[in-house]
Amino acid sequence: DWIEMPQRGIDGVVESVSLTTIKVRGWDNTMQTLPPYLLISEPFDNWQAMRDSGGRRIKRSLNIDMTSVRFADSDLVEKLTSGEHTQELMRQIEQQRTDGKSITNLDLYMWCMNRYIINHPDINHDMLILVRQLQPNQWGLPIEFYCFSFYVNWVPYENLQSEFISYVVATAPLFDLRIHQAPSQFGMQQEMIETE
């Protein structure tokens with residue numbers, strides 16, 4: 001089993017168990033030895049159930065600048081409907097949305113990201129898929145992406161997370177949304193140029 005005891009700096013695969021010692025091979029191939037009573041007296045995570053389940057959780061969030069949220073006008077909808085990266089997702093949304101209610105660019109973005117996750121071949125569709133808003137704070141409006149990867153091993157799982165977060169970041173401006181981040185030197189220079 002893969003176990004983790006952060007308070008002890010242990011994170012790896014159990015190699016052997018005896019009456020007096022448990023040997024854990026760390027991810028850097030070091031061998032750590034601990035007494036068995038620690039697994040009874042201290043909390044630890046056993047990641048084996050995750051491996052056996054066929055899905056590893058992806059839970060990431062982005063902070064949307066709330067001043068960029070607005071009602072979606074016909075120009076935005078037309079741009080998204082004909083856009084290379086959003087055309088198919090918007091088609092799927094339009095088939096479901098027949099109520100005629102007002103909609104915001106953030107609603108469209110969240111629906112498109114939900115469709116992107118549902119259509120992704122490396123996401124386990126038998127497990128929960130969710131795109132939701134969290135409580136707004138001083139950093140903006142957090143949008144959380146929650147789903148499960150088919151990949152449970154570290155490297156392919158991390159590669160999928162990187163691909164996923166790159167896509168959701170790159171797609172936000174197509175919906176006229178700004179992702180909030182702490183000001184950088186580049187951002188401050190751009191702001192100075194715009195105010196001149």
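**Notes on a pocket and the salt bridges**

1. Let's start with the second largest pocket, whose lining is made up of Asp65, Arg178, Ile179, His180 and Gln181. Keep in mind while you look around that this is a predicted model.

2. What is the volume of that second largest pocket? It comes to about 200 Å³. Sorted by class, its lining has 2 charged residues, 2 polar ones and 1 nonpolar one.

3. Now for the charged pairs. How many salt bridges does the structure hold? The count is 7.

4. Take arginine 8 and glutamate 42: their side chains meet in a salt bridge, with 2.4 Å from N to O. The two ends come from distant parts of the chain, 34 residues apart. Arginine 8 is in the loop between strand S1 (2-5) and strand S2 (10-17), while glutamate 42 is in the loop between helix H1 (38-41) and strand S5 (45-46).

5. Are the two partners in that pair buried or exposed? Arginine 8 counts as partly exposed, because its relative accessibility is 45%. Glutamate 42 has a relative accessible area of 18% and is therefore buried, the cut-off for buried being under 20%.

6. Next, find lysine 79 and aspartate 176, which form a salt bridge with their closest N and O atoms 3.1 Å apart. Lysine 79 sits in helix H3 (residues 74-82) and aspartate 176 in the loop between helix H6 (154-171) and helix H7 (185-195), so this pair ties together parts of the chain 97 residues apart in sequence. As for accessibility, lysine 79 is partly exposed at 39%, and aspartate 176 is partly exposed at 30%.

7. The last pair is glutamate 144 with arginine 132, whose side chains meet in a salt bridge at 2.8 Å, N to O. Glutamate 144 is buried, its relative accessible area being 6%, whereas arginine 132 counts as partly exposed at 36% relative accessibility.

Note on methods
Residues are numbered from 1 along each chain as its sequence is written. This is a predicted model: local features need pLDDT of at least 70, side-chain atom pairs count only at pLDDT 80 or more; totals for chains, interfaces and linings use all residues. Side-chain values use heavy atoms; hydrogens and water are left out. A salt bridge is a side-chain nitrogen of Lys or Arg within 4 Å of a carboxyl oxygen of Asp or Glu. Helices (H or I, at least four residues) and strands (E, at least two) are DSSP runs, numbered from the N terminus. Buried means under 20% relative accessible area, exposed over 50%, partly exposed in between (1.4 Å probe, protein chains only). On a 1 Å grid over the protein atoms alone, a cavity is a set of points where a 1.4 Å probe fits but cannot get out, and a pocket is an open set with protein on both sides within 12 Å along at least five of seven lines; lining residues have an atom within 4 Å of a point. Grid points are joined across faces, edges and corners, and a volume is the space filled by probe spheres set on the points. Ala, Val, Leu, Ile, Met, Phe, Trp, Tyr, Cys and Pro count as nonpolar, Asp, Glu, Lys and Arg as charged, and the others, Gly among them, as polar.
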